[in-house]
Amino acid sequence: MQKKNILLLLFLVIVWGVNWPLSKIALAYAPPLLFAGIRTLIGGVLLILLALPRWKSLRFKQLWPVYLISAILSIVFYYGFQTIGLQYVPAGLFSSIVFLQPVLLGIFSWIWLGESMYGLKIAGLLLGFVGVASLSVGGFTGSISPWGIFLALASALSWAFGTIYMKLRSDRVDTLWLTAMQITIGGLILTFSGSVTEQWGDIVWNGAFIADTLFISIFVIAMGWVVYFKLINEGEAGKVGSFTFLIPLISIGSSVIFLKEQITLNLVIGLLLIVCSIVLVNVKFGHSAKLSSN
C-alpha cells in the first residue's frame, strides 16, 4: 500500500473514531434524526461546492438512480438504523455488531468483486470482529432487544452493500459527485424524517453544539467519505475495510479523553486482536501469497 494511502487511512480511522464520542456530546443538545440530518446535509453541500468546477460530470438526469440508491444504502439506512437501534440495546453491543461490516465487506468483495480470498484473510477478518467485540464487551449489560440486534445488523449490512454498490458503479460515475450527491440526498431524507418526528425547538444552538456539528460535517462526513471511497476505488475493498476495525479502538481512546471513560483490560486485548487481524488481511504469507498470485 502506498504511503499516501496509508496517511489517508490514518486520517479516516482517526476522524471516524472520534466521531462517536463527539456525536454523543452533540446528542445532548439535539434530537438524533435532526442531528444526523443537519450534519450530513452540511457535509453534502460542502462537497457540492467542491465538485462544481467539474459539474459536467454530474449527469444527474442519467445517474440519479445511482445517486439515490447509494444515498439510501450508505447514508439513510446506515445512519438511520444506527440512530434508532441505539435506543434498544447497549452501545457496546450495538457497535460490535455494526463493525461486523469489514467481515461482510471482505466476503461480499470476494463474491461480487472477485477479490482474493484465502484462509489467513478469513481468519484475519474474523479475528478483527472478535477484537471489536472485546472492546465493546463492557457494553454487554442491560436488556437486549431482538429489534435492536436486527437494526445493528441492518446497519452493518447497509454499509457493506453501499460500499459494494459504489465499487460496482465506480466506472460510470464521478467519485466526488457520487459522494456529494449521496450525502446531500441522504441528509435531505434524514432532515425531513427528523422534522416530521422531532421538534426543531429542542435543538440547543450553543457554541459547543455548533462547533461539534461543523467538525463532524467537514472532517467526518465530507472529507471522511471522500477519502473512504477514494481508498475503496484505488485498492481492495476487503483490505481497506479491515482497517476500519481500528475505529472502535480510536472511539474508546477518544472517549477516555473527552468523556473521562476508563481504560480496561478489554481495550488492551482488543487492540492486540485488531492489530493481528490487519496483519493477516493485508500481508500474504507463503502459500497464501502463491494462491493469490495465481
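Visitor: Which residues in α2 meet which residues in α3?

Guide: First, the ground rules: this is a predicted model, so local features need pLDDT of at least 70 and side-chain atom pairs count only at pLDDT 80 or more, while totals for chains, interfaces and linings use all residues. Residues are numbered from 1 along each chain as its sequence is written, and side-chain values use heavy atoms, with hydrogens and water left out. Contact means heavy atoms within 4.5 Å, and helices are DSSP runs (H or I, at least four residues), numbered from the N terminus. Here, P32, L33, A36, R39 and T40 of α2 meet I75, Y79 and T83 of α3. By class, that contact has five nonpolar, two polar and one charged residues; Ala, Val, Leu, Ile, Met, Phe, Trp, Tyr, Cys and Pro count as nonpolar, Asp, Glu, Lys and Arg as charged, and the others, Gly among them, as polar.

Visitor: At what angle do the axes of α2 and α3 cross?

Guide: Axes are lines fitted to C-alpha atoms, for helices over the stretch in contact, and angles run from 0 to 180 degrees between N-to-C directions. Helix α2 (residues 32–51) and helix α3 (residues 60–85) cross at roughly 150°, and their axes come within 10 Å. That makes the two helices roughly antiparallel (under 35 degrees is roughly parallel, over 145 roughly antiparallel, 65 to 115 roughly perpendicular, the rest oblique).

Visitor: What angle do α5 and α7 make?

Guide: Helix α5 (residues 101–112) packs against helix α7 (residues 146–169) at about 35°, with the axes 9 Å apart. Among the contact residues are L104, F108 and W112 of α5, and W159, F161 and L168 of α7. The tally is 11 nonpolar, three polar and no charged residues. In the loop between α4 (91–98) and α5 sits L100, which touches F129 and L153, not counting residues up to four places away in sequence.

Visitor: Is T213 buried or exposed?

Guide: Buried means under 20% relative accessible area, exposed over 50%, and partly exposed in between, with a 1.4 Å probe and protein chains only. T213, in helix α9 (residues 207–234), is buried because its relative accessible area is 4%. Leaving aside neighbours within four places in sequence, T213 is in contact with F35, I38, R39 and I42. V268, in helix α12 (residues 265–282), counts as partly exposed at 43%.

Visitor: Where is confidence lowest, and where is it highest?

Guide: pLDDT is the predictor's confidence in each residue, from 0 to 100. It is lowest in helix α13 (residues 286–293), at a mean of 46, and highest in helix α8 (residues 175–197), at 95. Over residues 287–294 the pLDDT is below 50, and this stretch has six contacts in the model beyond near neighbours in sequence. The protein averages 83, and 86% of the residues score at least 70.
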